[in-house]
Amino acid sequence: TILLINKKKNMLDIQTINKGSDFKNNLNRNDFVNFLYTHLEPFGDEKKAIDKCIDYAFSTEAGKGGFLLAAYNNDELAGALIMNDTGMEGYIPEHILVYIAVNSKFRNQGIGKQIVDAALEIAQGDIALHVEYNNPAKRLYERLGFESKYAEMRLKRDH
């Protein structure tokens with residue numbers, strides 16, 4: 001558990017979740033998925049994709065893994081993050097910040113920055129993330145030192 005102070009002088013309690021049994025404060029995996037799904041708003045994915053990302057973070061297979069962060073403001077879930085390991089050290093960043101969301105009623109209070117700062121402390125090595133150009137969080141990532149190095153291109157195939 002990492003304790004940080006937000007701008008309103010309330011204690012922000014950031015808990016690391018490395019496996020299913022680490023969920024606390026009446027938070028379960030389904031609640032975590034629902035929180036991200038709800039608060040990612042137009043920049044999110046389907047619940048099934050978020051759940052799959054958690055499976056990857058909790059994996060003990062070589063090259064996989066990661067962690068989740070749950071941030072509480074006065075015992076209320078204020079933010080959530082999922083960081084996955086890539087297993088590609090040396091040519092691709094070791095980690096990818098896949099999801100981060102802050103409850104809309106806690107936005108613009110520095111909570112997102114505190115959650116990312118906590119993730120940066122935990123993750124050893126380089127970190128990549130994908131952010132849409134029109135996502136307001138892009139400015140936060142740039143202030144934290146993230147740079148736009150490549151344009152991502154995708155070939156989408158029907159499954």
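These are my notebook entries on a predicted model of one chain.

**Ground rules.** I number residues from 1 along each chain as its sequence is written, and side-chain values use heavy atoms, with hydrogens and water left out. Because this is a predicted model, I take local features only at pLDDT of at least 70 and side-chain atom pairs only at pLDDT 80 or more, while totals for chains, interfaces and linings use all residues.

**Entry 1, the whole chain.** I looked up the elements and got four helices and six strands. Helices (H or I, at least four residues) and strands (E, at least two) are DSSP runs, numbered from the N terminus. Their order from the N terminus is β-β-α-α-β-β-β-α-β-α. The radius of gyration is 15 Å, close to the 15 Å of the globule rule for 159 residues, so the chain is as compact as a globular protein of that length. That radius is taken over C-alpha atoms, and the rule is 2.2 Å times the number of residues to the power 0.38. I also noted that the C-alpha trace spans about 45 × 35 × 30 Å along its principal axes. Of the 159 residues, 40% count as buried (buried is under 20% relative accessible area, exposed over 50%, partly exposed in between; 1.4 Å probe, protein chains only).

**Entry 2, around E4.** Next I went to strand E4 (76–85). Eight of its ten residues are buried. On one side I found E3 (residues 66–73), pairing with E4 in the antiparallel sense over eight bridges; strands pair if DSSP finds at least two bridges between them. Glycine 66 stands opposite asparagine 84 there. The E3–E4 hairpin has two residues between the strands, and asparagine 74 takes a positive phi near 50 degrees. E4 also runs antiparallel to E5, joined by seven bridges, and aspartate 85 has histidine 95 in E5 as its bridge partner. In the loop between E4 and E5 (95–102) I found isoleucine 92, which at 37% relative accessibility counts as partly exposed. Ile92 makes a nonpolar surface patch of about 310 Å² with Met88 and Tyr91. For patches, residues need over 30% relative accessible area and no salt bridge; nonpolar side chains (Val, Leu, Ile, Met, Phe, Trp, Tyr) are joined within 5 Å, like charges within 9 Å.

I then checked histidine 39, in helix H1 (residues 29–39). Histidine 39 counts as buried, at 14% relative accessibility. Leaving out residues up to four places away in sequence, histidine 39 touches Ala101, Val102, Asn103, Ser104 and Arg107 (contact means heavy atoms within 4.5 Å).

I got seven in the structure, each a side-chain nitrogen of Lys or Arg within 4 Å of a carboxyl oxygen of Asp or Glu. Arginine 29 pairs with aspartate 51, closest N and O atoms 2.8 Å apart. That pair links helix H1 to helix H2 (residues 47–58), 22 residues apart. Arginine 29 also pairs with aspartate 55, at 2.5 Å between the closest N and O atoms, and these two are 26 residues apart. I have aspartate 55 down as partly exposed, at 43% relative accessibility. Arginine 107 and glutamate 41 meet at 3.2 Å, N to O. Arginine 107 lies in the loop between E5 and helix H3 (111–122) and glutamate 41 in the loop between H1 and H2, so the pair ties together parts 66 residues apart in sequence.

Methods. Accessible areas come from the Shrake-Rupley method with a 1.4 Å probe; for residues, only the protein chains shown count as cover.
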